[in-house]
Amino acid sequence: MNLLHLSLAEQGIFVLAALILLASFFLIAQVRLVAAIHSFAWQGALIAAVTFLVAGVQNTPHLLVSAVLTLLLKAIGIPWILHFLVRKMGLEREMERLQRPALTLLVGTGLVIFSYWAVLPIERLEFGATRNIIAISLAVVLLGLWCMVARHQVIVQVLGFMSMENGLFLAAVASTKGMPLVVELGVAFDVLVAAILFGIFFLQIRENLTTLDADRLNRLSEKEER
Amino acid sequence: MDARDTGGAVMADYVNPVGWLVAAAQGLLYVIAAPLFAAWVKRIKARLQNRRGAALMQPWLDLRKLMQKETIVAHTASPVFRAAPYIVFGGTLLAAMVVPLLVVKLPTTAIADVIVLVGFLALARFFLALAGMDVGTAFGGMGASREMLISAMAEPALLMVVFTVAMTAHSTNLSSVIELNLQTGLVLRPSFMFAILGLILVAIAETGRIPIDNPATHLELTMVHEAMILEYSGRHLALMEWAAQLKLMLYAVLLVNVFFPWGMAQSLSPMALLISFVALCVKLGILGGLLAIVETVFTKMRLFRVPLYLNLAFLFATLGLLSHVILETGP
């Protein structure tokens, strides 16, 4: 059993990676808007924890900076902005009924299996202890995409988009000892700016359409109006 | 551990008379301790609600009183109704014998694996539902149909948990799983984490505890287990309640002994057995406390929310299986 050859910290990385995957599933399945934002915040915190552990295990101190940055931005900053917007728009009790919850989650499981299958050749090439996490990170990316497809709430779709970025970040941390710090800083601020821009979009959509259901946006087209 | 190794050990276990004796004693301990465990959970729960709660011996006194009372059977009842309490109790007890309580290698745990355990529980549940429908009252049929709704969705999740654990141990035998866990010591396995979460959800659903069913009330609209045994009295009722307590104990022991087997005896020496007993009491005490807290914090959910709940259990179990394949295997 190869898990037994790893140190406790590396096993901890695996457990945290599995929890990140679980957070993605929660993001898809959460009916309540605020709870979905919370599960996104938890995912950010878990990714910060993974980065922290990887920094310790692989002895790469610059990852500590990105761990702190991730914690501040993805676990606290962006969720706080979204929370603020939700409160401003009075959507604290907003709920979205999933059409087919069981089927949605089953498709998610299928995506995990697909990403495992897709990543198998890469795993054979690399020899780092954490290479298995690439499959998890691809699954997080695909689950974020699936979240954008399956959910109608605009804010939840943005959360799915952001969790896709989480998956990419996890892949970078787990397989290549992290991206260069300049790139990471750039991406982090990109995401932050994106969050603010999305917030302005929310307010605009809300003002013009009095709803944040993405399906209703179709009615803008002239064909639907008639 | 390879398959041949366990095979040899299994053969040695069959012919060991001391092993059979200890297995019988272990079964007896299950029967004796089950009401105590139920009383422990009840007492902690009462404390959390600022009540004093009944004494720990209370379920025993209740059972004795029920045993002495006259047993009344409805006119419309068939022999199934009379036989069901014995089958339910017997099936649950046999299932409990499969789960190692104090010692790892026993003949009873060697001849039956965890799939047999699920089968015994299914047998007991089948006769419980039959008995509920037998007399022909509305409540009995309603309870039986609800029980079947819950178990039909809990069982796949339970089996997925079983497969997750079996893939790690390369065996569906609970003794082998526990021995593996004892040998490897503390290993953080993502698959086991998910399996624990899934098993907790399934156990709460199967034993009829609070988010699913409330064992303390006879509220017409919500009861599941109580609705099925509504027509029973006297020793039949005692056996049915005893079986329910046994099932709760069984799931609790399954949780603590499979995933946290520390302290379990691997030989039949008295000292090892004593340590194992103390460790078991501590583990069950903690688990009972946690269960009481869960029951105090959560409220009972609507019946039609139950599929979502069990869907979550299934998701946990499936993720456990997948994370075993993705994260724990490989060169």
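A nonpolar surface patch joins Val, Leu, Ile, Met, Phe, Trp or Tyr side chains within 5 Å of one another, each residue having over 30% relative accessible area and no salt bridge. In this predicted model, such a patch of about 1,200 Å² is formed on chain B, and B:Leu48, B:Met271, B:Phe277, B:Ile286 and B:Phe298 are among its members. Helix 12 of chain B, residues 270–297, supplies the largest share of the patch, namely ten residues. B:Ile286 belongs to helix 12 of chain B. The relative accessibility of B:Ile286 is 54%, and this residue therefore counts as exposed, the threshold being over 50%.

Beyond its neighbours within four places in sequence, A:Phe202 contacts A:Leu82, A:Leu85, A:Met89, A:Val154, A:Ile155, A:Val158 and A:Leu212.

Helix 1 of chain A, residues 8–29, is mostly covered, with 17 of its 22 residues buried. A:Gly12 lies in helix 1 of chain A and, at 11% relative accessibility, counts as buried. Its contacts, neighbours within four places in sequence set aside, are A:Leu53 and B:Leu188. The C-alpha atom of A:Gly12 is 8.3 Å from that of A:Val50, a residue 38 places away along the chain.

Notes:
Residues numbered from 1 in each chain as written. Chains lettered and ligands numbered in written order. Predicted model: local features only at pLDDT ≥ 70, side-chain atom pairs only at ≥ 80, totals over all residues. Heavy atoms only, no water. Buried < 20%, exposed > 50% of the residue type's maximum accessible area, 1.4 Å probe, protein only. Helix = DSSP H or I, 4+ residues; strand = E, 2+ residues; numbered from the N terminus. Patch = residues over 30% accessible without salt bridge, like charges linked within 9 Å, V, L, I, M, F, W, Y side chains within 5 Å. Areas by Shrake-Rupley, 256 points an atom, 1.4 Å probe, with all protein chains shown as cover. Salt bridge = Lys/Arg side-chain N within 4 Å of Asp/Glu carboxyl O. Contact = heavy atoms within 4.5 Å.
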